Amino acid sequence: MIKVSVLYPAGENTKFDMAYYCNKHMPMARDKFGAACKGMSIEEGVAGGAPGTPPAYVAMGHFLFDSAADFQAAMAPHAAELMGDIPNYSSVQPVIQISEVKL
């Protein structure tokens with residue numbers, strides 16, 4: 001199983017609409033990915049590792065797929081629409097990481 005993580009770096013002037021992300025963008029992505037998407041989660045950054053430090057990421061979205069190929073096949077037809085929706089909720093471009101889930 002692989003996890004696709006979409007990480008939104010935090011910053012002083014970062015705009016992020018969590019309600020839009022949770023209620024519109026991520027459900028839209030999940031619907032477009034269809035049965036290839038095995039799960040989804042959303043996290044909101046609240047703090048860094050040391051007391052009083054800001055989070056590294058303002059938000060993180062995660063999707064589970066059986067393989068990277070399954071993700072790529074599910075994403076390809078919808079990439080332009082999904083990436084085009086980012087300005088509706090965020091002022092920063094995300095960092096995307098594909099990881100193999102070990103446990």
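**The aromatic rings and the sheet beside them**

Guide: Happy to. The structure holds eleven aromatic pairs. One of them is formed by tyrosine 8 and tyrosine 89, an edge-to-face pair with 5.8 Å centre to centre and 75° between the planes. Please keep in mind that this is a predicted model. The pair links distant parts of the chain, for tyrosine 8 belongs to strand β1 while tyrosine 89 sits in the loop between α3 (79-84) and β4, 81 residues apart. Tyrosine 8 counts as buried because its relative accessibility is 2%, under the 20% cut-off. Tyrosine 89 has a relative accessible area of 0%, so this residue is buried too. Both belong to one aromatic cluster, made up of Tyr8, Phe16, Tyr20, Tyr21 and Tyr89.

Leaving aside neighbours within four places in sequence, histidine 25 is in contact with Tyr20, Leu82, Asp85 and Tyr89. The side chain of histidine 25 also makes a polar contact with the side chain of aspartate 85, at 2.8 Å. With a relative accessible area of 6%, histidine 25 is buried, and its place in the fold is helix α1.

Now let us step back to the sheet. Four strands form an open sheet, ordered β2-β3-β1-β4, with antiparallel pairing. At the edges stand β2 and β4 (95-100), each with a single partner strand, so one side of each has no neighbour in the sheet. From one strand to the next, the twist averages 15°. Helix α1 (residues 18-33) packs on this sheet and touches β1, β2 and β3, and its direction makes about 20° with that of β3.

The strand pairings can be followed one by one, beginning with the strand of tyrosine 8. Strand β1 (residues 2-9) pairs with strand β3 (residues 57-65) in the antiparallel sense over eight bridges, and serine 5 stands opposite histidine 62 in β3. β1 also pairs with β4, again in the antiparallel sense, over six bridges; here lysine 3 has serine 99 in β4 as its bridge partner. Strand β2 (residues 39-44) runs antiparallel to β3, and six bridges join the two. In that pairing, glutamate 43 has methionine 60 in β3 as its bridge partner.

Technical notes
Residues numbered from 1 in each chain as written. Predicted model: local features only at pLDDT ≥ 70, side-chain atom pairs only at ≥ 80, totals over all residues. Heavy atoms only, no water. Pairing = 2+ DSSP bridges. Axes fitted to C-alpha atoms, helices over the stretch in contact; angles between N-to-C directions. Contact = heavy atoms within 4.5 Å. Buried < 20%, exposed > 50% of the residue type's maximum accessible area, 1.4 Å probe, protein only. Polar contact = N/O pair within 3.5 Å; in protein donor to acceptor, adjacent residues only side chain to side chain. Phe/Tyr/Trp six-rings, centres within 6.5 Å; stacked < 30°, edge-to-face > 60°.
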